[in-house]
Amino acid sequence: MAKITVLGRRNSNNVIPVMWTIDELGLDYERKNYGGTFGGTSDPEYRAINPNGTIPAIVDNGFPLYESNAIVRYLCMNYDNEVLMPKTKQEFAIADQWMEWYKATLYHVFHPWFWSIARTKQAEQDPAKTRELKNKLDRLLLILDHHLSRNEYITGNSFSMGDIPLGVAINRYFTLNEEEQNLAALRRWRDLLATRAAFKKHVDFPFGRSFEEFARLERDGAAG
Ligand SMILES: N[C@@H](CCC(=O)N[C@@H](CS)C(=O)NCC(=O)O)C(=O)O
């Protein structure tokens, strides 16, 4: 089996799900640093692979692909090891539904909220705006919490690809909200995911809980 090339820095919210997936599937890979302080995403060679100039992208035996959720699904469909691929078409549809819900609904609130506290200098933060975003985010997360109060994992009893992209975002949520008392089912699920070796390797590392910490991590080369 040829080596898969992943293009993207290791601390990106959208690269991490791809790395987690590759590890669960036991695939041979190399990762090249692109994006953030590494740059490279405007190079013509990169744009030929991903004309959006965003990370991640992969090249699998000459086949280029971008959009992190699409990459996760492609890898599962192509290299299923009976861990990540949902067992039935309906379970696949549920996993897919939640992956889409993450990108199409949650991300539009999660990302500005995350940016407002973890990627904005302390002096430039707007606490009222952050609170408003957090309230919106928590209302959305109640929907996922309700689902997980009745299901051990996203598709039911088994871990699957559906747990991966959301698992990365929810881990960041709880890392930034250690005192959070609500969303108990969501926390239980995050803690369950955190026991997986691939989670420990690709998700559970400092991502920078503040702009200042992020800048320090970047300086120390933690992104690569
Ligand atoms: N919908 C895209 C979003 C990709 C995206 O926005 N990636 C961010 C990183 S999380 C990016 O490319 N940022 C610019 C950079 O890192 O240079 C996906 O899921 O792959």
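Trainee: Where is the place of E67?
Mentor: E67 is in the loop between strand 4 (63-66) and helix 3 (68-79). Helices (H or I, at least four residues) and strands (E, at least two) are DSSP runs, numbered from the N terminus. Before we go on, this is a predicted model, where local features need pLDDT of at least 70, side-chain atom pairs count only at pLDDT 80 or more, and totals for chains, interfaces and linings use all residues. Residues are numbered from 1 along each chain as its sequence is written, and side-chain values use heavy atoms, with hydrogens and water left out.

Trainee: OK, and what's phi of E67 near?
Mentor: Phi of E67 is near 75 degrees, which is a positive value in a residue other than glycine. E67 is also partly exposed, at 48% relative accessible area. The cut-offs there: buried is under 20% relative accessible area, exposed is over 50%, and partly exposed is in between, using a 1.4 Å probe and protein chains only.

Trainee: And E82, what's phi near there?
Mentor: For E82, phi is near 60 degrees, again a positive value in a residue other than glycine. E82 lies in the loop between helix 3 and helix 4 (89-118). With a relative accessible area of 64%, E82 is exposed.

Trainee: Switching topic: how many helices and strands are in the chain?
Mentor: The chain has 9 helices and 4 strands. Reading from the N terminus, the elements go β-α-β-α-β-β-α-α-α-α-α-α-α. The radius of gyration is 17 Å, close to the 17 Å from the globule rule for 224 residues, so the chain is as compact as a globular protein of that length. That radius is taken over C-alpha atoms, and the rule is 2.2 Å times the number of residues to the power 0.38.

Trainee: What box do the C-alpha atoms fill?
Mentor: Roughly 50 × 40 × 30 Å, taken along the principal axes. Of the 224 residues, 50% count as buried.

Trainee: Let's zoom in on N14. Buried or exposed?
Mentor: N14 counts as buried, at 15% relative accessibility. You'll find N14 in the loop between strand 1 (4-7) and helix 1 (16-25).

Trainee: Which side chains does the N14 side chain make a polar contact with?
Mentor: One is the side chain of K103, at 2.5 Å, and another is the side chain of Y107, at 3.4 Å. A polar contact is a pair of N or O atoms within 3.5 Å; within protein, one must be able to donate a hydrogen and the other to accept it, and residues adjacent in sequence count only if both atoms are side-chain atoms. Leaving aside neighbours within four places in sequence, N14 is in contact (heavy atoms within 4.5 Å) with residues including I55, P56 and S68.

Trainee: What about the peptide bond from I55 to P56?
Mentor: That peptide bond is cis, with omega near 5 degrees. P56 sits in the loop between helix 2 (44-49) and strand 3 (57-60).

Trainee: Last one: why does S160 count as buried?
Mentor: Because its relative accessibility is 2%. S160 is in the loop between helix 5 (127-150) and helix 6 (164-176). Setting aside neighbours within four places in sequence, S160 is in contact with V83, L84, P86, A95 and T155.
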